[in-house]
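Hi everyone, thanks for coming. Please have a look at the model on the screen, and then I'll walk you through a few places in it.

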Amino acid sequence: MSVYEKIGGAAAVDAAVDIFYRKVLADERINEFFDTVDMETQHAKQKAFLTMAFGGPNEYTGKDMREAHKHMNLNEEHFNAVAENLVGTLKELEVPQEYIDEIVTIALSVKDDVLNV
Amino acid sequence: MAKLFFDGKAVPIGPSESILDALLRDGYNVPYGCKSGACQSCMLQAQSGELPANCQPGLSDSLKQLGYFLSCSCYPKADATLQVHSSPDSVQKVPAVVKEKTFIGKNTLRLRLRAAINYQPGQYLTVWKDAKLARSYSIASVASLQPELEFHIKHIPQGEFSNWVATALQTGDTLYLQGPMGTCFYTSGKPEQPLVLAGIGTGLAPLYGILREALEQQHSGEVFLYVGAKSSENFYYVEKLKQLESSYSNVQVKFICQHTTADHSGDYYVPGDIYEIIKQRHPDMKQHKIFLCGAESFVRKLKKQCFLAGANMNEILVDTFLAFKS
Ligand code: HEM
Ligand code: FES
């Protein structure tokens, strides 16, 4: 069973998305990337992000991740900020630490693609 | 076996097949992403027929009420007949007869029309003058309270449409309506939830409809209405709202403006900044349902503010007035 299924699948994404997006918008290190005109669309993209980070079904390849993040010139600090907000969200939802560790591993596995290194 | 129709055409669907899979198999180009009910890219609207349980996860109450569902997660019941639309907004035009046209504020016209249209107060309609000229306006009326549809139109002398309404349109004339559209309306089911309604200018139109509808449905939680304007001379419906406030103990109305003209001073108008006032009065919006109506910059700024104050994204409904680009 994937960690996505263990923490409750789409329902877990639903529970997490508002908390996560709120953290990201309030985080001075990275909010400029997310503070775009259309909050609704960004909100949906956060769902895509969380679904992927939770190891859920996704249609994205490493190449897609490179493309999606290329123009942003992201660095280590940006990545860590997103990871911290992700972990903070999971803690707030009282997700067991072993699952959080699994999710962090998934996030780290796409780090090079996201940072385009 | 379930019967499925997509834009009027029958689509075969297997007993354990999702609507998305049935449409894709039949050659329709329906967008999708996760196929697991998370990304909402496969959302469609059912025009008629009973939707099965669990096909609307994460959707707002208003989307649910309008029959929107996630096609990847929708497995119709064996005896169901479902009519599904690809583009819910492409509906026919309906004639409407002008019953009344009055100035209700300095630059604000009230138009009342008679038309056979089912709507929720707060939704919007596109109003066509002829085959070429149209604008969208939000609905201020409640069908159970008055037979006519009501719009509040800001009169812009250089505006092609509003100036035509102000100067040429007559009682008895026929216009054409398309819609309704939009998800900014009251849904029953949480009568105790605190409501915050905020709008600038004729953003009051949908809010007025939403407020009246909430009261008609016996909403018992507190209802806060904030109406903003640059100058106090732009306010309208002040007496009507004062009356509602005194008839319903759970309703509070504040008119907020940057400038108060001398003859409009008095304690009813609050000078100041609508964002600050809402922030101070509602530091925690976790439980609230929020309706925001007005220009794009206003809606966007306040939506973010409310979301950061803890409001659930699905509980923030907006009606954005887009500036007409010629
Ligand atoms: C844990 C690693 C990450 C994963 C798994 C991830 C995943 C995703 C996914 C799936 C999308 C949606 C692509 C689309 O459908 O358009 C996306 C978009 C986006 N990501 Fe990431 N992301 C990660 C890290 C980051 C970081 C560190 C930042 C910036 C601080 C970031 C900023 C964005 C932005 C701004 C978008 C939206 C792009 C747009 O609007 O088109 N992401 N990400
Ligand atoms: S495809 Fe993602 S919700 Fe249906």
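**Around the ligand**

Let's begin with ligand 1, which sits in the second largest pocket. A pocket here is found on a 1 Å grid over the protein atoms alone: an open set of points where a 1.4 Å probe fits, with protein on both sides within 12 Å along at least five of seven lines. To sit in one, a molecule must have more than half of its atoms within 2 Å of its grid points.

Which elements give two or more residues to the shell? They are helix H3 (31–34), helix H4 (39–53), helix H5 (62–70) and helix H6 (76–92) of chain A. Helices are DSSP runs of H or I with at least four residues, strands are runs of E with at least two, and both are numbered from the N terminus. H4(A) gives the most, with five residues.

Before going on, a word on the background: this is a predicted model, where local features need pLDDT of at least 70 and side-chain atom pairs count only at pLDDT 80 or more, while totals for chains, interfaces and linings use all residues. Residues are numbered from 1 along each chain as its sequence is written, chains are lettered from A and ligands numbered from 1 in the order in which they are written, and side-chain values use heavy atoms, leaving out hydrogens and water.

Of the 19 residues around ligand 1, those that come nearest are Gln42(A), Lys45(A), Phe49(A), Tyr60(A) and His69(A); "around" asks for a heavy atom within 4 Å. By class, the shell has 15 nonpolar, three polar and one charged residues.

Now some distances. An N or O atom in the Lys45(A) side chain is 2.9 Å from an oxygen atom of the ligand. For His69(A), a side-chain N or O atom lies 2.9 Å from a nitrogen atom of ligand 1.

**Between the chains**

Next, the two chains. The contact takes 19 residues from chain B and 19 residues from chain A, where contact means heavy atoms within 4.5 Å.

**Two backbone details**

Finally, look at chain B, where a cis peptide bond joins Gly179(B) and Pro180(B), with omega about 5 degrees. Pro180(B) lies in strand E11 (residues 174–181).

In chain A, Asn116(A) has a positive phi of about 55 degrees although it is not a glycine. Asn116(A) lies in the segment after helix H8 (111–115).

Conventions
Polar contact = N/O pair within 3.5 Å; in protein donor to acceptor, adjacent residues only side chain to side chain. 1 Å grid on protein atoms, 1.4 Å probe; cavity = no way out; pocket = protein on both sides within 12 Å on 5 of 7 lines; lining within 4 Å. Nonpolar A, V, L, I, M, F, W, Y, C, P; charged D, E, K, R; others polar.
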